[in-house]
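Please look at the structure first.

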Amino acid sequence: MAYIYPEPSHTFSEYLLIPGYTSPDCIPDNVSLKTPLVKYRKGEKSSIELSIPLVSAIMQSVSDDRMAIALAREGGISFIYGSQPIKDQAAMVARVKSYKAGFIESDSNLTPDATLADVLALVRKNGHNTVAVTDDGSAHGKLLGIVTGRDYRVSRMSTDLRVSEFMTPLEKLITAPANTTLKTANDIIWEHKLNSLPIVDEENGGRLLYFVFRKDYAEHKENPLELLDERKRFMVGAGINTRDYKERVPALVDAGADVLCIDASEGYTCWQKFTLDFIREKYGDSVKVGAGNVVDREGFRFLAECGADFVKVGIGGGSICITREQKGIGRGQATALIEVAKARDEYFEESGVYIPVCSDGGIVHDYHMTLALAMGADFIMLGRYFARFDESPTNKLVINGQYVKEYWGEGSNRARNWQRYDLGAGEGLSFEEGVDSYVSYAGPLHDNVAKSLYKVRSTMCNVGVTNIPDLQKRSRITLVSATSIVEGGSHDVILKTGNIKI
């Protein structure tokens, strides 16, 4: 007879934190959210530590190079999706690693023969009005001029007018040479009251290299938690599968990926062991790689003994995942996380090796983040949360008068990422394990992450702690009844329509 667990599994919404003593130093500004990303030995530090406990999911609709740069700027890390050709994924990784903080590669470029209509189309597409005019219309062609919003007026100009007739030509621009430092570039911007400064390679035909923008100076100062490697480059992760890893892993390592993660719906398999064995035999411990997903002690122990650098927890809890519905496997996210975190602590006591745990899925409200950390997660992987932001790679649409962004699962027909559901059989998706959907548009990543993490810090102060290890050790968590959950929201009142701002 099958083993049947005596207790039901639970989700985050079924728990609450009990407040602890809040001392004078327990204020949000004093809370550190630093947390290990990869395993380390007792008495040592993790070779990669996140400044914030958030990572973006390995999904087409979430994690590309733009998302990776934006999240690294906040102190987290993205895992660029692997359901794409190896060459394309490696190129995304390389773009993140070659990105120079403050030095922006132009994404709006035209030739002098383009028209005002072309300029307006780029402004609509990219959301800014700085357009480089180069000889070949590329980001690194010979710079001939610039078009900004000050160079044209739609009400007074024909959209057929050529760019060459209204651009600011090169001879009227202030530029800087290729070896200019960010500090010097910002000094030039302030001295000449510029909004942007082109960095030009005069020794190679006057090619445009980058722009430095006035607004980025303030943004850089506002992000002291940036996740950088030893060469001051943004850190980035990448997803791999258990099929083409022998070709994909070397390409991603060569491109500069700081950490890899096996992307699979279920991780307690021989295929994950084969993948980890290959990486350890070829690279030893120099290549960091996470594995998963699992939902119990046995799954964690298996991946820990296979050499995983971190273990992801969660099957079927994602908002677009229908694995539980289709296959009947999985577990309530909170219960799964609690058991795996206990297994992690047991393994640490036995071996002296601490293997971080990532909670993947089941986060609906911001307070669920704090609960996940208190239950033992070292960091949290989020898909829907990040899909809502400007920096996600999907389209922003208007549906029924509301701004939304597209969001689809890796197991949907749209993604067709059959590799993550690998059972060693034939290729292709026999049935879907994810849906194609929309999520409400939420705006820029920076503003939303700041708000969410302020809630986390504030709750930690209510618990009486100022760091994640103490949150895990000292939290008291209670299971609540269905009636208590209803009581926790607004009830027995007539809500006013609209929002009243005070």
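Helix H11 (residues 366–374) packs against helix H13 (residues 445–463), with the two axes 9 Å apart and at an angle of about 50°. The model is a predicted one. The notes below start with this helix pair, then turn to a sheet and to the chain as a whole.

**Helix pair H11 and H13**
- The crossing of H11 and H13 is right-handed.
- On the H11 side, the contact is made by Asp366, Met369, Thr370 and Leu373. Their partners in H13 are Ser452, Lys455, Val456, Thr459 and Met460.
- Sorted by class, this contact of H11 with H13 consists of four nonpolar, three polar and two charged residues.

**Sheet E7 to E10**
- Four strands form an open sheet in the order E7-E8-E9-E10, and the pairing is mixed.
- Strand E7 (109–110) and strand E10 (168–169) are the edge strands, each pairing on one side only.
- E7 and strand E8 (residues 131–134) run parallel and are joined by two bridges.
- Within this pairing, Asn109 stands opposite Ala132 in E8.

**Whole chain**
- The chain has 15 helices and 24 strands.
- Its radius of gyration is 25 Å, close to the 23 Å that the globule rule gives for 502 residues, so the chain is as compact as a globular protein of that length.
- Along the principal axes, the C-alpha atoms fill a box of roughly 80 × 60 × 45 Å.

Definitions and conventions:
Residues are numbered from 1 along each chain as its sequence is written. This is a predicted model: local features need pLDDT of at least 70, side-chain atom pairs count only at pLDDT 80 or more; totals for chains, interfaces and linings use all residues. Side-chain values use heavy atoms; hydrogens and water are left out. Two strands pair if DSSP finds at least two bridges between them. Axes are lines fitted to C-alpha atoms, for helices over the stretch in contact, and angles run from 0 to 180 degrees between N-to-C directions. A crossing is left-handed if the near helix is turned anticlockwise from the far one by less than a right angle, and right-handed if clockwise. Contact means heavy atoms within 4.5 Å. Ala, Val, Leu, Ile, Met, Phe, Trp, Tyr, Cys and Pro count as nonpolar, Asp, Glu, Lys and Arg as charged, and the others, Gly among them, as polar. The radius of gyration is taken over C-alpha atoms; the globule rule is 2.2 Å times the number of residues to the power 0.38.
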